[in-house]
Amino acid sequence: MTDEETIARERIDRLQSMARDAVREGRDERAREYVRRARRIAERHRLRLPREFSHSICRSCDTFLVPGKNARVRTQSGHVVVTCDCGEQARYPYA
């Protein structure tokens, strides 16, 4: 892994924690910007977002999802279904 990739991963991790903190403070638009910036960094450096980060964002509206606040989490036949307030659903296997 090159130095640029290491720096990019560190920035993505930092943006994830900043987005989580922003949502807790009620600053949803700020959190959305952090998510967009993290996605952009990952695309630029051809990296994947960490699993815990990609499973906690909405793919359609870039919202950082917090269960009970702006997301609904249900289990269905071996999958976890996360529904955003915008109506987008994501399905993930138990893991």
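Biologist: Leaving aside its neighbours within four places in sequence, which residues is Thr83 in contact with?
Modeller: Thr83 is in contact with Asn70, Ala71, Arg72, Glu88 and Gln89 once those neighbours are set aside. Contact means heavy atoms within 4.5 Å. A word on the source: this is a predicted model, where local features need pLDDT of at least 70 and side-chain atom pairs count only at pLDDT 80 or more, while totals for chains, interfaces and linings use all residues. Residues are numbered from 1 along each chain as its sequence is written, and side-chain values use heavy atoms, with hydrogens and water left out.

Biologist: Where is the place of Thr83?
Modeller: Thr83 sits in strand β2. Helices (H or I, at least four residues) and strands (E, at least two) are DSSP runs, numbered from the N terminus.

Biologist: Thr83: buried or exposed?
Modeller: Thr83 is buried because its relative accessibility is 11%. Buried means under 20% relative accessible area, exposed means over 50%, and partly exposed is in between (1.4 Å probe, protein chains only).

Biologist: In what sense do β1 and β2 pair, and over how many bridges?
Modeller: β1 and β2 pair in the antiparallel sense, over six bridges. Two strands pair if DSSP finds at least two bridges between them. In this pairing, Val73 stands opposite Val82 in β2.

Biologist: How many residues lie between the strands in the hairpin of β1 and β2?
Modeller: That hairpin has two residues between the strands, and Ser77 takes a positive phi near 35° there.

Biologist: New topic. Which residues does the UniProt annotation "binding site" cover?
Modeller: The UniProt record, an unreviewed entry, puts "binding site" on Cys58, Cys61, Cys84 and Cys86. They spread over 29 residues of sequence but cluster in space, with a largest C-alpha distance of 8.9 Å. UniProt positions are given in the numbering used here, feature names are shortened, and annotations may be inferred rather than shown by experiment.

Biologist: How many disulfides does the count come to?
Modeller: The count is zero disulfides. Cys61 is in no disulfide, and its nearest cysteine sulfur, that of Cys58, is 3.5 Å away. Cys84 is in none either, with the sulfur of Cys86 nearest at 3.7 Å. The rule for a disulfide is a pair of cysteine sulfur atoms within 2.5 Å.

Biologist: Where does Cys58 lie?
Modeller: Cys58 is in the loop between α3 and β1. Cys58 counts as buried because its relative accessible area is 3%. Not counting residues up to four places away in sequence, Cys58 touches Arg39, Thr63, Leu65, Cys84, Cys86 and Glu88.

Biologist: And where does Cys86 lie?
Modeller: Cys86 is in the loop between β2 (79-84) and β3 (89-93). Cys86 counts as partly exposed, at 45% relative accessibility. Cys84, in contrast, is buried at 7%. Beyond its neighbours within four places in sequence, Cys86 is in contact with Cys58, Ser60 and Cys61.

Biologist: How many residues are in the largest nonpolar core?
Modeller: The largest nonpolar core has 17 residues, and Ile12, Phe53 and Phe64 have the most contacts inside it. The elements giving two or more residues to this core are α1 (3-24) and α2 (28-44). Apart from this core lies another of eight residues, among them Cys61, Leu65, Ala71 and Ala90. A nonpolar core is a set of buried Ala, Val, Leu, Ile, Met, Phe, Trp, Tyr and Cys residues joined through side-chain atoms within 4.5 Å.

Biologist: What does Phe53 touch, not counting residues up to four places away in sequence?
Modeller: Phe53 touches Ile12, Gln16, Val35, Ala38 and Phe64. Phe53 is buried, at 0% relative accessibility. Phe64 is buried too, at 4%.

Biologist: How many aromatic pairs does the count come to?
Modeller: There is one aromatic pair. Phe53 and Phe64 form this tilted pair, 6.3 Å centre to centre with 35° between the planes. The pair links distant parts of the chain, eleven residues apart: Phe53 is in helix α3 (residues 51-54), and Phe64 is in the loop between α3 and β1 (71-76). Rings of Phe, Tyr and Trp (its six-membered ring) pair if their centres lie within 6.5 Å; planes under 30 degrees apart count as stacked, over 60 as edge-to-face and the rest as tilted.

Biologist: Last one. What is the phi of Arg46?
Modeller: Arg46 has a positive phi of about 55°, although Arg46 is not a glycine. Arg46 lies in the loop between α2 and α3 and is exposed, at 78% relative accessibility. Asp62 also is not a glycine and has a positive phi, near 60°. Asp62 lies in the loop between α3 and β1 and is buried, with a relative accessible area of 12%.
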